Amino acid sequence: MDSLFGSTMNLLPDPVRLSSRRFWQSQDGTVIVLLSLLLPILGMGSVGVVEVAEVMLARTKLQHNVDAAAIQGAGEFGVDQSAATVERTRLYADAMAEPLRLRWTIASTASIDPATRAVTVQQKANRASFFGSLLPPGGWNLQVTATAIRTARKPLCVLGAQAGSQASIDLQGSSSITASDCLVQSNANMTAGRGTSLSAGEARAAGSASGPIRPDPVTDAPAVQDPFAAMRISVPLLCDSLSLSLGSGTFYLNPGVHCGAIALLGNTNLVLAPGEHYFVGPSFSLGGNSTISGSDVVVILKDVLTAQVTGSSVLELEGRKSGPYAGFVLITDRSYSGDVEISAKSARKLVGTVYLPNADLTVKGNNKVADQSPWTVVVARTIRTEGSANLTINSNYAGSSVPVPASVGPPRDQPVRLSQ
């Protein structure tokens, strides 16, 4: 090409040849000047593309943070409407943003609208840009927001109502509490020993919580008031039967007031007729191979020093379907402050609410309790499991004709949804 260009130039007259040479020399200089100007711009453009990509990625991560925190907060708000939920939600979002803080300054806020049950989480982020934050002016500024709504809560199914520094829900040995679709609440501490297991839809403690509890429990939560504190527990004064001590055989017992020591031993099969059964006396004992069963019944204990269901005995009770105690299966009078012990090998059917307002429930031995019940609710001063006992709290409220008392049943938990 150069030889062709040179040969062609030689054919031209001298003035033309001189002008052409000057033209090409000036063009070369212009190209060099243009390239020197464009290369930095092209370099800056490449860096700018990378910069914008990083900013967009950071925005995506921030949006994920606030989405997750809003859903978490809305779930919390279904149970705890206090200011603590707002702060926990904010801290949750803050913790998720930690990896971005190497380059970004990030601030998280959270708020709740009680009227709409909406939880809103916002994150603002800033970092410097090129040329002293001139492009864009003030550096990069991002703001993301998410709002989640939850219209229902996990139903309360286990409540250790005693407040204070002790544990109102306590698992020892290799025992377990399984309440997979509902709320387990301790108004004090919640402790699960090393070999135990507490599995719940939600787990909350007004004090501390320790041990193998799933999901991770919420601590320092507000106490839950006794949902049945206003319910009147009234025991008639006149006795309908006295001191039942039954050996073997099948016996039918009409509803009423049964006074004196109650002992079912041997191979006794006691069938309770539908209604309210008040057991008033120094003791209530079910042992041996005895069985106590009944449908549409409630057992109410008063003035009992000991209440025990032990040995190979069988407990099969379905709660009241109507009347003032509809939805309840076992109640202790408010004056009773002792212990109700269930260590029978077969106490697998307790359909309804077990309400021990000032008494303790102890489940121990090698047994399963209430696992064959469509639903069960336990509200007691304290709840304790020992040995290898398994207390199972099912929440199939539609699976039984026993109605669920207000404050402890449906509405069932509904999925939390993002509204924006």
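Does Cys259 count as buried, partly exposed or exposed, and at what relative accessibility?

Modeller: Cys259 counts as buried because its relative accessibility is 9%, where buried means under 20% relative accessible area, exposed over 50%, and partly exposed in between (1.4 Å probe, protein chains only). The model is predicted: local features need pLDDT of at least 70, side-chain atom pairs count only at pLDDT 80 or more, and totals for chains, interfaces and linings use all residues. Residues are numbered from 1 along each chain as its sequence is written, and side-chain values use heavy atoms, with hydrogens and water left out.

A disulfide joins Cys259 to Cys239, with 1.9 Å from S to S; the term is applied to a pair of cysteine sulfur atoms within 2.5 Å. The torsion about this S-S bond, between Cys239 and Cys259, is about -90°, so the disulfide is left-handed. Cys239 lies in the loop between β10 (213-214) and β11 (241-242), and Cys259 in strand β14 (residues 256-259), so the pair links distant parts of the chain, 20 residues apart. Helices (H or I, at least four residues) and strands (E, at least two) are DSSP runs, numbered from the N terminus. Cys239 counts as partly exposed, at 41% relative accessibility.

A search of the whole structure finds two disulfides. Cys157 and Cys182 form a disulfide with their sulfur atoms 2.0 Å apart. Its torsion about the S-S bond of Cys157 and Cys182 is about 75°, so this disulfide is right-handed. Cys157 is buried at 0% relative accessibility, and Cys182 is buried with a relative accessible area of 0%. With the bonded cysteines of the protein chain numbered in sequence order, the pairing is 1-2, 3-4.
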